[in-house]
Amino acid sequence: MGQCYGKTIPTVRDSDGTTITSVAGDADHPLPATPVNNVPSVKNTPARSSANSPWPSPYPHGVVAGVTPSPARSTPRRFFKRPFPPPSPAKHIKASLARRFGHAKPPTEGPIPEDGTAEPDQSLDKNFGYNKNFGAKYELGKEIGRGHFGHTCHAKGKKGDLKDLPLAVKIISKAKMTTAISIEDVRREVKILKALSCHKHLVKFHDACEDANNVYIVMELCEGGELLDRILSRGGKYSEDDAKLIVVQILSVVAFCHLQGVVHRDLKPENFLFTSRNEDADMKLIDFGLSDFIRPDERLNDIVGSAYYVAPEVLHRSYSLEADIWSIGVITYILLCGSRPFWARTESGIFRAVLRADPNFEDLPWPSVSPEAKDFVKRLLNKDYRKRMTAAQALTHPWLRSESHPIPLDILVYKLVKSYLHATPLKRAALKALSKALTEDELVYLRAQFMLMEPSKDGRVSLENFKMALIGNATDAMKESRVPDILNAMATLSYRKLDFEEFCAAAISTYQLEALEGWEQIASVAFEHFEREGNRPISVEELARELNVGPTAHSILRDWIRSDGKLSLLGYTKFLHGVTLRSAHMRHH
């Protein structure tokens, strides 16, 4: 494929003795998506948190070395110019996969035959409560796609509003639903599609039906093909201007999903379809089979997705909405240069690259790519998920600012404001000083979010403003993921209001600012404000209480305090950042 090239990463030896050479892209292997498997979901597993931070530590206990092929469909074999051995599965995940699929051996790559040999568990309730008159309402046509769970066909309506309308029907065999988990996966996919299909860039859901053998999910037909096909038809990459149009659509729909408390978990070019063959056709997000509802304070730990697009924290088994942002970063990298940022010949090699390697921004065509575009990609592909932009923030990035698109409400604002309201007076003073050092690039996003709250005539916002902003964007998915529950933790706003200046202090993330090239300058200016307005003498013991750490941390904290008893610049920046992983073991429990 033209424009595809790669940078070799040092050769390493896999656990089974296989020699692996990872590369960032390869001219002879254009963009195959190697899927990662479903394993049983174990939710409510929060990682260790930093004091007064909406994010837990990015490195919880336990790292997975690799995973097996997924039920998610993989890139068709036709895209390979030179075949190579399929990715080797990680053996220790096989048992987990069997529990999900209900048979002893995990499925191999490729479609599952319709006459699968798995014996159904007769005790499982496979009655979904959907319409049972599929044959009377729809006429099936030819097959247009096939995956591990079933296949998708052309169809058209026989009656009502859908009469003669071309449709797509995803057919999921009940014989494959051999565990309670697999049944719940189908229920959740339908529930998510039904709740979210109002968005312009999300495939429209029409109906769900069932009979004794199958579940039928009826959706709009997107006849323009996959984003992956268009990338390949353009010789492997897009121009920056064309890439922007694609990325804005992706960010728009993902920001909507995230506000509703839905994480997609399998964002990749194959899961974006164009509505028609026209060059300016709209793009739609499809395939919510691996998606899940997630509460604002929740972490997921089941490993799903596609290997080339999987985020580091997914492999660490503790992740949230930010995992989707990483996947968007991978897609944007591919759009701009035609190669993958992380590549290897085995899944374990890919995961090793994701965890350890940095994307290559040195080789062609990156020298000719704008600095804004490179900064955009780097801020999505930060291995520390706390430092990544959200989808709503990314839409205000300088690279995309020239595009005319609305800025959606961001659930991160609610998380940060909640933490601010529960912070100590010293921490709030430190954040207020930091907000006064923000550049216009950061203020664009904060101004947009503040206006979405529809401040009162006095230019301030209260809890009611936050509540009404959420209600104005609510769907059934938002209720399912209990997003509005975050308002309960913001109850103190019932008795006070935030002006724009304090809103900025409450809604900024130190972690995200630390990822900026100009962070040192921002911190220096902020400290000058802090010196004038908030810095005061503080003892080591009081600072330890502020940070929720024990006496063993005192020797470290002493270095943060000047001879006059006040925080130094180092102490100020460390205090803003909060407790790091190294000192997490010293915290009070």
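## Charged pairs

Arg146 counts as partly exposed, at 32% relative accessibility. In this predicted model, Arg146 forms a salt bridge with Glu143, and the closest N and O atoms are 2.9 Å apart. Glu143 is also partly exposed, at 39% relative accessibility. Side chains of opposite charge can pair when their charged atoms come close.

The structure holds 31 salt bridges. Another one joins Asp485 to Arg482, with 3.0 Å between the closest N and O atoms. Asp485 is partly exposed at 35% relative accessibility, and Arg482 is partly exposed at 43%. Lys132, Lys174 and Glu210 are linked in a network of salt bridges.

## A pair within helix H15

Asp476 and Lys479 meet through their side chains in a salt bridge of 3.8 Å, N to O. Both residues lie in helix H15 (residues 476-480), three residues apart, which is about one turn of the helix. Asp476 is exposed, with a relative accessible area of 55%, and Lys479 is exposed at 58%.

## Nonpolar cores

The largest nonpolar core has 157 residues, and those touching the most other members are Leu196, Leu227, Phe376, Tyr414, Val417, Leu434 and Phe466. Helix H5 (residues 240-259) supplies the largest share of this core, 12 residues. Leaving aside residues up to four places away in sequence, Val417 touches Phe466, Met490, Leu493, Leu498, Ala506 and Ala507.

A second, separate core has 11 residues, among them Tyr138, Ala155, Leu162 and Val218.

## Cysteines

Zero disulfides are found in a search of the whole structure. Cys222 is buried, with a relative accessible area of 10%. Cys504 is buried as well, at 3%.

Key
Residues are numbered from 1 along each chain as its sequence is written. This is a predicted model: local features need pLDDT of at least 70, side-chain atom pairs count only at pLDDT 80 or more; totals for chains, interfaces and linings use all residues. Side-chain values use heavy atoms; hydrogens and water are left out. A disulfide is a pair of cysteine sulfur atoms within 2.5 Å. Buried means under 20% relative accessible area, exposed over 50%, partly exposed in between (1.4 Å probe, protein chains only). A nonpolar core is a set of buried Ala, Val, Leu, Ile, Met, Phe, Trp, Tyr and Cys residues joined through side-chain atoms within 4.5 Å. Helices (H or I, at least four residues) and strands (E, at least two) are DSSP runs, numbered from the N terminus. Contact means heavy atoms within 4.5 Å. A salt bridge is a side-chain nitrogen of Lys or Arg within 4 Å of a carboxyl oxygen of Asp or Glu.
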